[in-house]
Amino acid sequence: MTLLEMSALYAESADRIRTRIVQLRAAARAEMDPEAARRLRLRAEELQPLLRETRELAVLTARYYDRSYHKHEKYTL
């Protein structure tokens, strides 16, 4: 598998995570039980770092060999 192929998979995963966050937030708004709504909002917030990292990795793997791309310092050894 090439880095470009991995990039597409990361982008697809990011879309799925984003969709799940949207679903959780909608469910939290519709929830009548305050405790259940709080748990749903918490779960959506817990997915935010995963979404951010997945998006960053999609860009990094897509542009890894592009000389003009300044690589993300977080993922540089």
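Valine 22 counts as partly exposed, at 48% relative accessibility; here buried means under 20% relative accessible area, exposed over 50%, and partly exposed in between, with a 1.4 Å probe and protein chains only. The structure is a predicted model, in which local features need pLDDT of at least 70 and side-chain atom pairs count only at pLDDT 80 or more, while totals for chains, interfaces and linings use all residues. Residues are numbered from 1 along each chain as its sequence is written, and side-chain values use heavy atoms, with hydrogens and water left out.

Valine 22 is placed in helix α1. Helices are DSSP runs of H or I with at least four residues, strands are runs of E with at least two, and both are numbered from the N terminus. The C-alpha atom of valine 22 is separated by 33 Å from that of aspartate 66, and the two residues are 44 residues apart along the chain. Alanine 8 also belongs to helix α1, and with a relative accessible area of 48% alanine 8 is partly exposed. Between the C-alpha atoms of alanine 8 and arginine 25 there are 26 Å, for a separation of 17 residues along the chain.

The buried residues of α1 are Ser7, Ala14, Ile17, Ile21, Leu24 and Ala28. These buried residues pack against α2. An α-helix has 3.6 residues a turn, so residues three or four places apart point the same way.

The largest nonpolar core consists of 9 residues: Ala14, Ile17, Ile21, Leu24, Ala28, Leu40, Ala44, Leu47 and Leu51. Such a core is a set of buried Ala, Val, Leu, Ile, Met, Phe, Trp, Tyr and Cys residues joined through side-chain atoms within 4.5 Å. At least two residues of this core come from each of α1 (3-30) and α2 (34-62), and α1 gives the most, with 5 residues. Leucine 24 is in contact (heavy atoms within 4.5 Å) with Leu40, Arg43, Ala44 and Leu47, when its neighbours within four places in sequence are left aside.

The axes of α1 and α2 come within 8 Å and cross at roughly 160 degrees. That makes α1 roughly antiparallel to α2, the cut-offs being under 35 degrees for roughly parallel, over 145 for roughly antiparallel, 65 to 115 for roughly perpendicular, and oblique for the rest. Axes are lines fitted to C-alpha atoms, for helices over the stretch in contact, and angles run from 0 to 180 degrees between N-to-C directions.

Methionine 32 is found in the loop between α1 and α2, and at 77% relative accessibility methionine 32 counts as exposed. From methionine 32 to serine 68 the C-alpha distance is 51 Å, with the two 36 residues apart in sequence. Tyrosine 65 lies in the segment after α2 and is exposed, with a relative accessible area of 68%. The C-alpha atoms of tyrosine 65 and leucine 4 are separated by 9.7 Å, although these residues are 61 residues apart along the chain.
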